[in-house]
Amino acid sequence: MALQIEPCPFCGSQHLHMVVHKMNYSIACQSCRCRGPQKPNQEQAVMHWNETSRLHSACLKQMPTTTATPGHPMGQPSIKLKPDYR
Ligand SMILES: [Zn+2]
């Protein structure tokens, strides 16, 4: 296989699949449901996905205090907003 798809930059999953839109393709993660950019062909979709993956993992290495939350029940990051009591 000429094109190798990097694991998901957000959750590290390798359960990725190609999503075919009307005229475009994108890579989607089946674990956290994130999506790569839509591109006119499969090669570009994979290339951009890999680029994002590399950039993101480089980013994580620079910020060791930022940790992902593996095994989140919803598979998505949760943001809890607390009311600002004064
Ligand atoms: Zn993912």
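**Terms and values**

Guide: From the N terminus on, the elements of the protein run β-β-α. That comes to one helix and two strands. Helices (H or I, at least four residues) and strands (E, at least two) are DSSP runs, numbered from the N terminus. Residues are numbered from 1 along each chain as its sequence is written. The model is predicted, so local features need pLDDT of at least 70 and side-chain atom pairs count only at pLDDT 80 or more, while totals for chains, interfaces and linings use all residues.

Visitor: What is the average pLDDT of the protein?

Guide: pLDDT is the predictor's confidence in each residue, from 0 to 100. The protein averages 81, and 70% of the residues score at least 70. Among the elements, helix 1 has the lowest confidence, at a mean of 86, and strand 2 the highest, at 96. Where pLDDT is low, the predicted coordinates should not be read in detail.

Visitor: What makes strand 1 and strand 2 a pair?

Guide: Two strands pair if DSSP finds at least two bridges between them. Five bridges join strand 1 to strand 2, and the two run antiparallel. They form a hairpin with four residues between them. Within it, L16 stands opposite C29 of strand 2.

Visitor: How do you know that the span of helix 1 agrees with its number of residues?

Guide: The expected span is 1.5 Å times one less than the number of residues. Helix 1 (residues 42-62) has 21 residues and should therefore span 30 Å; its end C-alpha atoms are 31 Å apart, which agrees.

Visitor: Which residues of helix 1 are called buried, and why?

Guide: A residue is buried if 20 or more other C-beta atoms, placed from the backbone, lie within 10 Å of its own; it is exposed if 12 or fewer do, and partly exposed in between. In helix 1, A45, V46, W49 and S53 are buried. Seen down the helix axis, the buried residues of helix 1 fall within an arc of 95 degrees (taken from the directions from the axis to the C-beta atoms), so they line one face of the helix. On the other side, E43, R54, L55, A58, C59 and Q62 are exposed.

Visitor: What do the buried residues of helix 1 pack against?

Guide: They pack against strand 1 (16-20) and strand 2 (25-29). Two residues are in contact if their C-beta atoms lie within 7 Å.

Visitor: What makes up the largest nonpolar core?

Guide: A nonpolar core is a set of buried Ala, Val, Leu, Ile, Met, Phe, Trp, Tyr and Cys residues joined through C-beta atoms within 7 Å. The largest has nine residues: C8, C11, L16, I27, C29, C32, A45, V46 and W49. Strand 2 and helix 1 are the elements that give two or more residues to this core. Helix 1 gives the most, with three residues.

Visitor: What is the phi of R33?

Guide: Phi of R33 is near 65 degrees, a positive value in a residue other than glycine. Most residues other than glycine have a negative phi. R33 is in the loop between strand 2 and helix 1.
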